[in-house]
Structure formats: C-alpha cells, structure tokens
Amino acid sequence: MQHAICYISTATKEFSNGQVDDLLKEWRQQNSNKNIKGILLFSEGHFFQVLEGEKEKVLALFHRIEEDPRHTGVIQVLGRDISQGSFDDYIVEYLKEPVFSKPKLISEYCESVKGMDPQVQQQIKMILESFIDTRVL
Ligand SMILES: Cc1cc2nc3c(=O)[nH]c(=O)nc-3n(C[C@H](O)[C@H](O)[C@H](O)COP(=O)(O)O)c2cc1C
C-alpha cells in the first residue's frame, strides 16, 4: 500500500546555507535508498515536506522525523493511502531567494504532484501556495 504524508514545520536553529544543502543531499540519498519520493522545501526557517512511498516505510520515517530536535511545531496537513505515486524522484530545494514573484516556481512544483489522487493534489497545491506566498503559515 502506498501512502502520502505532507507536513510543515519550523527549524529550531539557524542553519548555514552549506549545512542545509548537506542535510538535504543526505536525506535525498536516504529516501532514494528506500524508494521514498516527494518534495522537501526549506525557506526562511520553515520546512514543507511531502513523503510518498510504501506505507510502512513512510510512517516509520515520519515518526523519526517528528522526533527530530532540529525542528518543532510539526503540523501534519495530509496523511492518507494513495493508489499511485506521483513523484518521479525526490525533489529537494532550498529557497534562498525571495519567491514572492515567482508563480512559475509554484506551477513547477504543482506539476510535480500531477498524477496524484486529485483530492491530495488539491490539498498539497493549496498548502504549497501559501508556503511559497507567505513563507510562514
Ligand atoms: C525537517 C526534517 C526533514 C527530514 N527529512 C528526512 C528525509 O526526508 N529522509 C530522511 O532519511 N531523514 C530525514 N530527516 C532526518 C530524520 O529525522 C533522521 O535524523 C534520519 O532519518 C536518520 O535517522 P536514524 O539515525 O534514526 O536512521 C529529516 C529531519 C528534519 C528535521
């Protein structure tokens, strides 16, 4: 059974650009080993993440992530079984530049959830839009 989880959270400490890049790379590699796909964005101290894959693996990873002291205020906005996965790979992005005026970016990310259950897709798009628009929810 495939499962998708989406949450937002707030970093507990300041990360340097290099630190964030290293962490994102490490997690992408770990996810790829477990065949977990999705998206992880880091913007101005906030994380937005979608994890998608084999239910047991996704739930186990999310529980580990929830306990991770490097972030706090984890708000799960989605958690449901899905019939098919939508991501080709694990996308990680560190939004260093202001993205307020970048609707193209939003449509690019929305493009990456195409093929997902329409309800899930809609929810993720909405949360993604507010994440990118406001940078804080
Ligand atoms: C915001 C955030 C997102 C994370 N995302 C992932 C992830 O996608 N994949 C991953 O393997 N670890 C991720 N981690 C790290 C995990 O919490 C954990 O440290 C890592 O999986 C190693 O766990 P282990 O030492 O118990 O094997 C994330 C941590 C944080 C704070």
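In the residue classes used here, Ala, Val, Leu, Ile, Met, Phe, Trp, Tyr, Cys and Pro count as nonpolar, Asp, Glu, Lys and Arg as charged, and the others, Gly among them, as polar. The views below show a predicted model.

**View 1. Composition of the shell around the ligand.** Six nonpolar, four polar and three charged residues make up the shell around the ligand. Of these 13 residues, the ones that come nearest to the ligand are Gln 30, Asn 31, Gln 49, Arg 64 and Asp 68.

**View 2. Polar side chains facing the ligand.** Asn 31 places a polar side-chain atom 2.7 Å from a nitrogen atom of the ligand. For Gln 49, a polar side-chain atom is found 2.8 Å from an oxygen atom of the ligand. The side chain of Trp 27 has an N or O atom 3.4 Å from a nitrogen atom of the ligand. Taken alone, the ligand exposes 620 Å², and the protein buries 77% of that area.

View 3. The ligand takes up the space of the largest pocket. Two or more residues of the shell come from each of the elements α1 (17-33), β3 (46-54) and α2 (55-67).

**View 4. The salt bridge between Lys 55 and Asp 81.** Two salt bridges are present in the structure. In one of them, the side chains of Lys 55 and Asp 81 meet at 3.1 Å, N to O. Lys 55 belongs to helix α2 and Asp 81 to strand β4 (residues 71-82), so the pair ties together parts that are 26 residues apart in sequence.

View 5. Asn 35 lies in the loop between α1 and β2 (37-43). The phi of Asn 35 is near 60 degrees, a positive value in a residue other than glycine. Most residues other than glycine have a negative phi.

Methods: Residues numbered from 1 in each chain as written. Predicted model: local features only at pLDDT ≥ 70, side-chain atom pairs only at ≥ 80, totals over all residues. Heavy atoms only, no water. Near = heavy atom within 4 Å. Polar contact = N/O pair within 3.5 Å; in protein donor to acceptor, adjacent residues only side chain to side chain. Areas by Shrake-Rupley, 256 points an atom, 1.4 Å probe, with all protein chains shown as cover. 1 Å grid on protein atoms, 1.4 Å probe; cavity = no way out; pocket = protein on both sides within 12 Å on 5 of 7 lines; lining within 4 Å. Sits in = over half its atoms within 2 Å of the grid points. Helix = DSSP H or I, 4+ residues; strand = E, 2+ residues; numbered from the N terminus. Salt bridge = Lys/Arg side-chain N within 4 Å of Asp/Glu carboxyl O.
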